[in-house]
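Hi,

Here is the structure I promised to pass on. Please open it first, then read my notes below with the model in view.

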Amino acid sequence: MRLIQFMSAAGPRAGLVENASTVREIDLDGGTLSLVRLAIDSRQPIEAVVEGLLLDTPLDYDTLIKAGQLLPPITHPDPAHCYVTGTGLTHLGSADTRAAMHGALEDSELTDSMKMFRLGLDGGKPEQGQVGAQPEWFYKGDGSIVVAPEQPLPGPAFGLDAGEEPELVGIYVNDHTGQPWRIGYAIGNEFSDHVTERQNYLWLAHSKLRHCSIGPELVVGELPAHLEGTSRIVRDGRTLWEKPFLTGEANMSHSLANLEYHHFKYALFRRPGDVNLHFFGTATLSFGDQIRTEPGDRFEIELPPLGRALRNPLTRLDDTPPARVNALQSTATSLSSTSDGGRTMQPEGHHLIGRTITQGSGAPITALNPATGESLTPTWSASTLNDVDTACRLAEEACDAYRETSLEDRARFLETVAEEIDALGDALTERAVAESGLPEARIQGERGRTCNQLRLFARVVRDGNWLDARIDPAQPERAPMPRPDLRQRSIALGPVAVFGASNFPLAFSVAGGDTASALAAGCPVVVKAHNAHPGTCELIGRAIAAAVNRCNLPEGVFSLLYDADTEVGQALVSHPAIKAAGFTGSRKGGLALWNLAHTRAEPIPFYAEMSSINPVFVLPEALEARTKALAEGFVGSLNMGAGQFCTSPGLLIAREGPALNRFIEHAAQALKEQPAHTMLTPGIHKSYEQGAAALAGHPNVREIAHGETTSAPNACRPRLFITRAEAVLNDRALQEEVFGASSLIVECASQEEMRALARALEGQLTATLQMEEADHDDAAKLLPTLERRAGRVMANGWPTGVEVCDAMVHGGPFPSTSDSRTTSVGTKAIERFLRPVCYQDIPDALLPTALREGNPLSLTRLVDGQRAQ
């Protein structure tokens, strides 16, 4: 029987391989490991367990591969509980291959390694019940290094070689007593650095600490003693090297039983519940034939009795700075720092999955300095679907404990996150400036806002009003029906996925409002970093992880993943452990994820902030009285941060006439003097240029002015256009957001046309009224419409700038957000990640503390219709 493991909407699932093209899904959450444990615990053959769980609908094997859903044939939800080890010099041809690598030696010159091979020949296959010679043995890593079939094998930048090793892999699971069970075998590519090994045998351990791959299929049961396979390297679509290889016990100097004995004799590898993946060695290497691999080569290992070939392309990780070691100082929270007190921390290209700091194995992700066009180090590799599953499972495991932390402990945790972000010092500012092109003052201000927001939510958590505790005591004497004791509180929804935004690398990213409000609500968070600022994301992620450790919280409270395209984000929203998601970005991306969230087996709330042009209505008396000041204020708001604010004024609406003409003249003059600012990414710059060009080419639109030109890369030259209200009313394309420093002035023939335009607008984050007292009648007629169209209505200001406070609403009707009932800024944002639960006649000792008699938390509660403390 042959099994595979793949990622489904429900998480990892095992599948039975029926033939070369068809797989049948096994209806059991947790994948192959859950299946194996069920067989072990029930003492049934695994075949019998599979037969009872098979689903009827066949799956197409090739479709699973093309969709990138294949996983290693077995995984552990905590990679630290999966050991990857191996033995060398076990095959009868091993000596020949090793000699080809190192050069022939006389008997008197034999190395210890070669002597060990001879020991295996003489004593590696003892009689049953006897102990044979010890083999060469090595540790390779834990489950985090196992790359799925078809996914890239990453060669580290410090490696001198990245070569294949086609091997047989034994797969073992320990039961709850620590008894190992051999489940079966799979094809493996042990993937080593043979140049390092050749330089000195004592560097064998260094040469082995690399990623590897196994699968795609797990063959359950025993194998023939003689196995023949083919190892191949394909370059540019052509076979570069190909060679047959032999494996199986008949071609080995050791018996499998002897190799297993010398591995499992150590109690470490018999830890209950652990998985062991053990490579049995090889005698066939392309390196022995002087082949040097290159990024882009594809390894193919065929061993027909074990099913489909194992295939992996080779990639190479860019150079990363060496890991920095901090020295613990006199307090538990003080790490080695520079003379100015800032931490000497730099990004290292790592993902954070609970407490595991790891490198991904997907496609490479490189940060870019948009101001210079230069690539920044280090390079990240995208997370895998297995990484997504591990992070989500850890979050699920942490949820119940974290949501019941005391109000004080959770508030202190949020404050600790702020402290850790402050402690990053100049390293954070410098990295964020380099990755975003934003000025240092903007980043410093954004850091302050981010930390103040965390501290604000700490205050919210402490006061406990968000629990909305309500009590309607029992009325047993009430006629005709007694009333039961009813109590209600709000609880955390569960693990939340957060998507970092491009335009605010701190305040709307890893520790931004979505993360802060979700953590305040008691929800563990899994963040997908934004590729515009991966280093900034890692630094902030490390700060949150440090706070989790300092506060002794479950490790699943926070994880940080990376995505080279859309696969990780889609898997995150689709994962059954995720119960809500927060997103700030484009309408296209937001709607794609919204659709995923709402077509899951269990739909979840998806809070997306997407698209807003933030109309400004300039009423007649204000236009007449403050023409120049309004024009200058408008241009300043428009060009702030290259217009890359979600509240940038993209539409200005005014009544035609001399006052508007003067306004246009002043605005045009002010805009011509505006410098071009660097945009966040080349992609955003390209989209801005395309959007502005579309406006310039519209038959009913005229360009009034543009800002200063520059040859600097990714620079946003501000642009100002004009059209008439009837054109906007007849063409909804003129309402589309152009993300950047571009705005459209709309001339209205009358106040009624202005109101008609207001009614025709899509949902907005903000709507602004510029008015004098004499304009109040016109404003009063507009206000009801603007209330229906926007989340924030303001007077005599400009929409850029969002205060973080109790009364703020940063939300609005579609398409500004996906849920007009919510806000992503301000303390009300916590409500997105809560739901009410009612407790009926639950004994006081079992009630949540917030609802118990005596009010032990001293909350203000609604008791029998009256507020009481």
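Pro378 sits in strand E22, residues 374–381. A cis peptide bond links Thr377 to Pro378, with omega about 0 degrees. Keep in mind that this is a predicted model.

There is another cis bond to look at. It joins Phe814 and Pro815, and omega is about 5 degrees. Pro815 is in a loop, between strand E38 (790–795) and strand E39 (834–840). Why point these out? Most peptide bonds are trans, and most residues other than glycine have a negative phi.

Asn714 is not a glycine, yet its phi is positive, about 60 degrees. You will find Asn714 in the loop between E33 and strand E34 (715–716). Asn714 has a relative accessible area of 11%, so it is buried. Ser858 also has a positive phi, near 55 degrees, and is a residue other than glycine. Ser858 belongs to the loop between E39 and strand E40 (861–863). With a relative accessible area of 47%, Ser858 is partly exposed.

Now the cores

The largest nonpolar core has 98 residues. Phe413, Ile421, Ile540 and Phe617 have the most contacts inside it. Which helix gives the most to this core? Helix H14 (residues 534–550) does, with eight residues. Take Ile540 as an example. Leaving out residues up to four places away in sequence, Ile540 touches Ile421, Leu424, Leu428, Leu506, Val510 and Ala511. A second, separate core has 30 residues, including Leu33, Leu35, Val84 and Phe279.

A buried lysine

Is Lys140 buried or exposed? Its relative accessible area is 1%, so Lys140 is buried. Lys140 is part of strand E7, residues 136–142. The side chain of Lys140 reaches the backbone oxygen of Phe191 at 3.0 Å. Beyond four places away in sequence, Lys140 touches several residues, among them Val84, Ile145, Glu190, Lys208 and Cys212.

A pair of helices

Two packed helices are described by the angle and the distance between their axes. The crossing of H9 and H15 is right-handed. H9 brings Leu385, Val388 and Cys392 to the contact. H15 brings Glu567, Val568, Ala571 and Leu572. Of the residues in this contact, six are nonpolar, none is polar and one is charged.

Helix H22 and its surroundings

Helix H22 covers residues 751–760. Its buried residues are Gln751, Glu753, Met754, Arg755, Leu757 and Ala758. What do they pack against? The partners are strand E30 (615–618), helix H17 (620–625), strand E31 (651–655), helix H21 (725–730), strand E36 (742–748) and helix H23 (776–789).

Leu734 is in the loop between H21 and E36. Leu734 is buried, because its relative accessible area is 6%, and buried means under 20%. Leaving out residues up to four places away in sequence, Leu734 touches Leu695, His698, Val701, Thr723, Ala727, Val728 and Leu744. Leu734 and Pro620 are 114 residues apart in sequence, and their C-alpha atoms are 23 Å apart in space.

One of the residues that Leu734 touches is His698. His698 is in the loop between helix H20 (682–696) and strand E33 (702–706). At 16% relative accessibility, His698 counts as buried. A polar atom of the His698 side chain lies 3.0 Å from the backbone nitrogen of Asn700. Apart from residues up to four places away in sequence, His698 touches Asp731 and Leu734.

Last, find Gln669 in helix H19, residues 658–672. Gln669 counts as partly exposed, at 42% relative accessibility. Gln669 and Gly707 are 38 residues apart along the chain, and 9.2 Å separates their C-alpha atoms.

Best wishes

Methods: Residues are numbered from 1 along each chain as its sequence is written. This is a predicted model: local features need pLDDT of at least 70, side-chain atom pairs count only at pLDDT 80 or more; totals for chains, interfaces and linings use all residues. Side-chain values use heavy atoms; hydrogens and water are left out. Helices (H or I, at least four residues) and strands (E, at least two) are DSSP runs, numbered from the N terminus. Buried means under 20% relative accessible area, exposed over 50%, partly exposed in between (1.4 Å probe, protein chains only). A polar contact is a pair of N or O atoms within 3.5 Å; within protein, one must be able to donate a hydrogen and the other to accept it, and residues adjacent in sequence count only if both atoms are side-chain atoms. Contact means heavy atoms within 4.5 Å. A nonpolar core is a set of buried Ala, Val, Leu, Ile, Met, Phe, Trp, Tyr and Cys residues joined through side-chain atoms within 4.5 Å. A crossing is left-handed if the near helix is turned anticlockwise from the far one by less than a right angle, and right-handed if clockwise. Ala, Val, Leu, Ile, Met, Phe, Trp, Tyr, Cys and Pro count as nonpolar, Asp, Glu, Lys and Arg as charged, and the others, Gly among them, as polar.
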